[in-house]
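Hi everyone, thanks for making time for this. I'd like to walk you through one structure, step by step, so please have a look at it while I talk.

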Amino acid sequence: MLPYWRLSGFYFAYFALLGGVAPFLALYFNHLGYNAARIGELVAIPMLMRCLAPNLWGWLGDVTGRRLTIVRLGALFTALAFTGIFYRQDYLWLAMIMALHSFFWHAVLPQFEAITLSHLGAQSSRYSMVRLWGSVGFIATVVGLGWLLQILSLDVYPVVMLGIMLAIFFCSLTVPAAPVTKLHHTGIHTEGFLHVLRRPGVLAFFLCAGLMQFSHGPYYTFLTLHLEALGYSRSVIGLLWALGVIAEILLFLVMAKVLSRFTLKQLLVTSLLLAAIRWLVLGSLAEYLSALLFAQLLHAATFGCFHVAAIHFIQRSFNDRLQGQGQALYATLSGMGGALGALYAGYSWNTIGAFWTFTVGGLAALLAAIVLLRCLPSADIEQARGHTFS
C-alpha cells in the first residue's frame with residue numbers, strides 16, 4: 001500500500017518552508033538593513049550548501065540504506081540550528097546560521113525523493129500526484145505569510161519559519177521506511193556512479209539543471225523587492241507567488257498524460273525556452289499586471305515541468321543502489337547554479353538594473369536549451385521509458 005498522505009504531508013511541510021524562504025527571506029534581510037549585495041550573499045549561502053550537503057548525505061544514504069534516518073535527523077537539526085537566529089542578527093552570525101541550518105536542510109529532500117520513488121515502484125508516473133502537495137504547502141505559506149506580514153512586523157518572520165521546520169520533523173516521523181529492493185549487481189559504488197555519468201547526455205543534463213537554477217537567481221532573490229519597488233503590496237505579491245505555484249499544481253495533475261505524450265528531452269528543452277521568455281518578461285514588463293500574470297503562469301513549465309522531467313530522467317538513468325547519489329548530484333548542481341545566480345543578482349541589481357539582471361538569467365536558460373537539444377539523445381530517452389538503467 002502506498003502511504004500517499006504521509007508522503008504528501010511531508011512534501012506539504014517541506015515546501016511550505018520554501019514558500020517562506022523564496023519570497024520573503026530577502027525581504028527579511030532588507031528589513032534588518034542589509035544592502036542588495038549583502039542580501040545576495042546571505043541568500044546564496046543556503047544554495048551553496050546544496051553543492052556540498054546533498055552529495056555527502058546522498059553517499060551516506062546509499063552506503064547505509066538509512067535514508068529515512070537521515071531525513072529525520074536532517075529535519076531535526078535544521079530546526080535546532082535555525083534557533084540561533086534569535087540570538088543575534090549581525091552579518092557574520094547570520095551567515096553562519098544560514099550555512100549551518102541549510103547543511104542539514106539540504107540533506108533531506110534528495111533522500112526523501114529516493115524514498116518516495118521506492119514506495120511508488122512501478123507506479124513512478126504517480127510521482128507528480130504526490131509531489132503536488134508540496135506546491136499546496138508552498139501556496140499556503142506564501143499567501144498566509146504575505147497576509148500576516150501585511151498586518152504584523154517582519155520581526156515575526158523567523159518565528160514562523162521555525163514553526164514550519166518543526167512541522168517537517170514531525171511529518172518525517174509518520175513516514176514509513178521505503179521497501180527494500182533486492183539488487184542483482186556487484187561492484188564499487190563510485191565506479192557504477194561514474195559509469196552512468198559517462199552515458200551520452202547525462203553530464204549535459206546535470207550542467208543544464210545548474211543553468212536553469214542560475215537563471216532563477218534574480219527571481220528567487222529579488223522578485224519581491226522588485227515588485228514592491230513597482231508599487232505592489234505584500235499581500236498582492238504573495239498572491240502572485242501563489243499563482244505561479246497554482247499553475248504548477250494544475251500541471252502536476254495532468255503530468256502523467258504529458259509524460260506519455262512527450263519525450264523527456266522535449267519537456268526539458270521546452271521548459272528552458274519558456275524560462276528564457278519568462279525572465280525577459282519579468283525584467284521588462286513587470287509593471288503591467290497582465291504581463292506579470294503571464295510570467296507567473298509560466299512557473300508551471302520553468303519549475304513544475306522541468307523538475308518532474310528531471311526526477312524521471314534521474315530515476316531512469318540510475319539504478320536503485322545509486323538513486324540517492326543521482327538525486328544528490330541533481331540537488332548539488334541546482335544549488336550551485338542557484339547560488340551563483342543569487343550572487344550575480346546581488347552584485348548586478350544596483351549596477352546594471354533589473355532588466356539586464358533578468359536578461360542574463362534568460363540567456364542562461366536559452367544556452368541550456370541549446371545544449372540539451374544538441375547533447376541529449378532522444379532515442380536513449382525513449383528506450384529508458386518504463387524502466388531504470390542498471
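This is a predicted model: local features need pLDDT of at least 70, side-chain atom pairs count only at pLDDT 80 or more; totals for chains, interfaces and linings use all residues.

Let's start inside. Which residues touch the most other members of the largest nonpolar core? They are Phe29, Trp241, Phe318 and Tyr330, in a core of 132 residues. Helix α1, residues 4-31, gives this core its largest share, with 16 residues. There is also a second, separate core of seven residues, and Trp57, Ile70, Phe103 and Ala107 are among them.

Now let's zoom in on one of those names, tryptophan 241. You'll find tryptophan 241 in helix α11, which covers residues 234-261. Is tryptophan 241 buried or exposed? Its relative accessibility is 1%, and buried means under 20%, so tryptophan 241 counts as buried. Who are its partners? Setting aside neighbours within four places in sequence, tryptophan 241 contacts residues including Ala22, Pro23, Phe138, Val142 and Gln296. Take alanine 22: along the chain, 219 residues separate it from tryptophan 241, yet their C-alpha atoms are 9.3 Å apart.

Helix α1 packs against helix α6, residues 127-151, at an angle of about 40 degrees, and their axes are 6 Å apart. Roughly parallel would need an angle under 35 degrees, so α1 and α6 count as oblique to each other. The crossing of α1 past α6 is right-handed. As for the residues in that contact, 21 are nonpolar, seven are polar and one is charged.

Here is another pair to set beside that. Helix α15, residues 323-348, packs with helix α16, residues 353-375, at about 160 degrees, with axes 10 Å apart. Angles over 145 degrees count as roughly antiparallel, and therefore α15 is roughly antiparallel to α16. This crossing is right-handed. On the α15 side, the contact uses Tyr344, Ala345 and Ser348, while α16 brings Gly353, Trp356, Thr357 and Val360. Sorted by class, that contact has four nonpolar residues, three polar ones and no charged ones.

Let's stay on α15 for my last stop, because threonine 332 is found there and is buried, with a relative accessible area of 4%. Which residues does threonine 332 touch, if we skip those up to four places away in sequence? The list is Arg50, Cys51, Pro54 and Asn55.

Technical notes. Residues are numbered from 1 along each chain as its sequence is written. Side-chain values use heavy atoms; hydrogens and water are left out. Helices (H or I, at least four residues) and strands (E, at least two) are DSSP runs, numbered from the N terminus. Buried means under 20% relative accessible area, exposed over 50%, partly exposed in between (1.4 Å probe, protein chains only). Contact means heavy atoms within 4.5 Å. A nonpolar core is a set of buried Ala, Val, Leu, Ile, Met, Phe, Trp, Tyr and Cys residues joined through side-chain atoms within 4.5 Å. Axes are lines fitted to C-alpha atoms, for helices over the stretch in contact, and angles run from 0 to 180 degrees between N-to-C directions. Angles under 35 degrees count as roughly parallel, over 145 as roughly antiparallel, 65 to 115 as roughly perpendicular and the rest as oblique. A crossing is left-handed if the near helix is turned anticlockwise from the far one by less than a right angle, and right-handed if clockwise. Ala, Val, Leu, Ile, Met, Phe, Trp, Tyr, Cys and Pro count as nonpolar, Asp, Glu, Lys and Arg as charged, and the others, Gly among them, as polar.
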